[in-house]
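Below is a guided reading of one protein structure.

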Amino acid sequence: MALREFADERGRVWQVCDVLPTYVERRSGTDRRRQPRPGTRERRQKRQHRMMVAPRFRSGWLVFETRSERRRLGPIPPGWEYWPDNQLRVLLHDAEVLRSLV
C-alpha cells in the first residue's frame with residue numbers, strides 16, 4: 001500500500017493511499033466441525049463475507065483524507081504514487097466525497 005501526503009490550494013494537508021479489495025473469510029484455520037454421519041449430508045456451509053463494490057472500484061481505489069473530509073477515486077491511476085502534488089490535486093477534485101469527519 002502506497003501512502004502520500006500533499007497540500008491542496010487552500011493549504012489543507014491530505015493523505016492519499018490505495019485500497020485493494022480482497023475476500024475475507026469469516027473463519028480462518030482448520031474447520032472444527034465434525035464430519036457428517038455416513039448417509040447424511042452437511043447442511044452448514046462455509047460463509048464468505050464479500051463486499052459489493054461498483055465496477056470502477058473492483059480493481060481498487062484511492063482514498064483521500066484530511067481532518068474534516070474523506071474522498072474516494074477509482075480505478076487507481078497507474079504510477080500515481082510518483083506523480084507531483086499538482087497532479088494529485090487534480091485527482092482530489094475528481095474524487096467523490098464520502099463523508100465529512102467533523
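Of the 102 residues of the protein, what percentage count as buried? The share is 27%. The model is predicted, and every value below is computed from it.

Start with the layout. One helix and seven strands make up the secondary structure of the protein. In sequence order the elements run β-β-β-β-β-β-α-β. Among contacts in the protein with a separation of 6 or more, 57% join residues 24 or more positions apart. The accessible surface amounts to about 8300 Å², and carbon and sulfur atoms hold 48% of it.

Twelve residues form the largest nonpolar core, among them Ala-2, Phe-6, Trp-14, Val-16, Leu-62, Phe-64 and Trp-80. Strand S2 (13–19), strand S5 and helix H1 (85–94) each contribute at least two residues to this core. H1 gives the most, with three residues. Leaving aside residues up to four places away in sequence, Trp-80 touches Ala-2, Arg-4, Val-16, Cys-17, Asp-18, Leu-62 and Leu-88. There is also a second, separate core of five residues, which includes Cys-17, Phe-57, Trp-61 and Val-63.

Aromatic rings come next. How many aromatic pairs are there? The count is two. In one of them, the ring centres of Phe-6 and Phe-64 are 6.3 Å apart and the planes stand at 90°, so this pair is edge-to-face. An angle over 60 degrees is what that label requires. Phe-6 belongs to strand S1 (residues 3–7) and Phe-64 to strand S5 (residues 61–65), so the pair ties together parts that lie 58 residues apart in sequence. Phe-6 and Phe-64 are both buried.

Phe-57 and Trp-61 also form an edge-to-face pair, with 5.9 Å from centre to centre and 75° between the planes. Phe-57 counts as buried because its relative accessibility is 2%, and the limit for that class is under 20%. Trp-61 is buried as well, at 8%. A charged side chain is found at these rings. The charged end of Arg-72 sits over the ring of Phe-57, at 4.1 Å from the ring centre. The charged end of Arg-72 also sits over the ring of Trp-61, and here the distance to the centre is 5.8 Å.

Now turn to charges that pair with each other. Side chains of opposite charge can pair when their charged atoms come close. Across the whole structure, six salt bridges are found. One of them links Arg-12 with Asp-8, whose closest N and O atoms are 2.9 Å apart. Both Arg-12 and Asp-8 are buried. Arg-12 also meets Glu-69 in a salt bridge, at 3.5 Å from N to O. Why does the pair of Glu-69 and Arg-12 tie together parts that are 57 residues apart in sequence? The reason is position: Glu-69 lies in strand S6 (residues 69–73), whereas Arg-12 lies in the loop between S1 and S2. Glu-69 is buried, because its relative accessible area is 12%.

Another salt bridge joins the side chains of Glu-65 and Arg-70, with 2.3 Å between N and O. Are these two residues buried or partly exposed? Glu-65 counts as partly exposed, at 27% relative accessibility. Arg-70 is partly exposed too, with a relative accessible area of 22%. Elsewhere, salt bridges with shared partners connect Asp-8, Arg-12, Glu-69 and Arg-71 into one network.

A last stop is Ala-7, which lies in strand S1. Ala-7 counts as partly exposed, because its relative accessibility is 28%. Apart from residues up to four places away in sequence, Ala-7 touches Arg-12, Val-13 and Arg-89. Ala-7 and Arg-89 are 82 residues apart in sequence, and their C-alpha atoms are 8.1 Å apart in space.

How values were computed
Residues are numbered from 1 along each chain as its sequence is written. This is a predicted model: local features need pLDDT of at least 70, side-chain atom pairs count only at pLDDT 80 or more; totals for chains, interfaces and linings use all residues. Side-chain values use heavy atoms; hydrogens and water are left out. Rings of Phe, Tyr and Trp (its six-membered ring) pair if their centres lie within 6.5 Å; planes under 30 degrees apart count as stacked, over 60 as edge-to-face and the rest as tilted. Helices (H or I, at least four residues) and strands (E, at least two) are DSSP runs, numbered from the N terminus. Buried means under 20% relative accessible area, exposed over 50%, partly exposed in between (1.4 Å probe, protein chains only). A charge sits over a ring if NZ of Lys or CZ of Arg is within 6 Å of the ring centre and within 35 degrees of the ring normal. Contact means heavy atoms within 4.5 Å. Accessible areas come from the Shrake-Rupley method with a 1.4 Å probe; for residues, only the protein chains shown count as cover. A nonpolar core is a set of buried Ala, Val, Leu, Ile, Met, Phe, Trp, Tyr and Cys residues joined through side-chain atoms within 4.5 Å. A salt bridge is a side-chain nitrogen of Lys or Arg within 4 Å of a carboxyl oxygen of Asp or Glu.
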